Amino acid sequence: MTSVFEGKKIVLGVTGSIAAYKAAQVCSHLVKMGATVYPVMTPNALNFLGISTLNALSGNETIYDQFRDRKTDHISLAHSADAMIIAPATANTISKLAMGICDNFLTTTALAATCPVLIAPAMNESMYTQQSLQENIRKLESWGKFFFAGPAEGRLACGEEGKGKMVEPDKILDSLLEVLSFSRQLMDKTVLVTAGGTREYIDSVRYISNASSGKMGHALAREAKLRGAKRVILITSARNLNRPFGVETIGVESSMQMRDKVLEFYSKADVTIMAAAVSDIIPGQRFDYKLKKKDDILSQLSFKLNQNILQLLAREKKQGQVLIGFAAETELTEQNMLEKFKDGNIDMIVANDISKQGMGIGSDYNQVILVSPDGSRTLVEKAKKNIIARKIWANIIDNYL
């Protein structure tokens, strides 16, 4: 374990729970294994653990005041850490994070963090099993950045027996080890991702497009960054999505613009994921003015097949590169899927059935089938697209890297 924690910068968050004393043990163990620990406490945590304890154990100043002399410490700390632990984490803090409430230094730092955040809940069982809290936990898990360790079952502070006890420090360190390993999986890799539906203009106002939101591609780019990719390049036509933090985001509109930008970066990419819904057909001619109804619009329109960017990349693919395609179909037959591999050099196709309601194009949810060139399939059950992105990356890392 020492080699993994050696030199790592860990933010240790402590909230107002009787289990706060265990945070001192976590801090001590991390320091002994070579990590640099920066303690952060909520105001309520001061009722259970003194700052002098964590100061002495970590060798760093414990932060508990939101309004310090340096007003942006929560950003510099959040953006430079390898991981953040919140142990213990109360129902109050978990729910604040899920709702985006930043009313103390800990919650502000956790939401701003670009590293994985490991949460160790501690509370009474009746609080832990409350529907509202469980929904907030699921929400945080679906975002991809937050991970949970525990809680465990046992004797609670109130004297009752049940589930809600913070897991022991050694279990937290085991979970942190997994999180740190996770965040290094794409280290030294350059990742290229496309997203969104292209717009192919007929005239100055009309265009051909599709309902793709770009959410899947953005989730894949965000997940790649969380897994420690050296460089993530996102080429997207989505207009209404936030740029994933730390990702080089390039906006395009047409398939030609997307092709040119993809080719600009493709030779540098270790993994390329073509998640964009590129138009299959494009206008034969683009008019620089608005066509008038009186001029018999239909007689002036013509269309042609568009260039397949995925096939172009497959032909130019170098040894060691990984190329993943997406396929939105209404019939996921074996013949349809194997047809996607006809040009060779494509490592995997991510297929989703767009005929199913409530998922796929435009939705926050998806269900996909990961198809290999030999025809083998892996079903990824319906989930938020952030979770789908995580499972797609897990498959890529396990099988192609």
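**Helix α10 and the cores**

I began just after α10, where G228 takes a positive phi of about 90°. I take helices (H or I, at least four residues) and strands (E, at least two) as DSSP runs, numbered from the N terminus.

The model is predicted, so local features need pLDDT of at least 70 and side-chain atom pairs pLDDT 80 or more, while totals for chains, interfaces and linings use all residues. Residues are numbered from 1 along each chain as its sequence is written, and side-chain values use heavy atoms, with hydrogens and water left out.

Next I looked up α10 itself: residues 215-226, mostly covered.

Then I checked R222, which lies in α10. Why does R222 count as partly exposed? Its relative accessibility is 34%. Leaving out residues up to four places away in sequence, R222 touches P244 and N386 (contact means heavy atoms within 4.5 Å).

Last, the cores (sets of buried Ala, Val, Leu, Ile, Met, Phe, Trp, Tyr and Cys residues joined through side-chain atoms within 4.5 Å). The largest nonpolar core has 34 residues, and V14, L30, I85, I172 and L176 touch the most other members. Helix α9 gives the most to this core, with 6 residues. I noted another core lying apart from it, of 31 residues, including V193, A195, A229 and V322.

Conventions
Expected span 1.5 Å × (residues − 1). Buried < 20%, exposed > 50% of the residue type's maximum accessible area, 1.4 Å probe, protein only.
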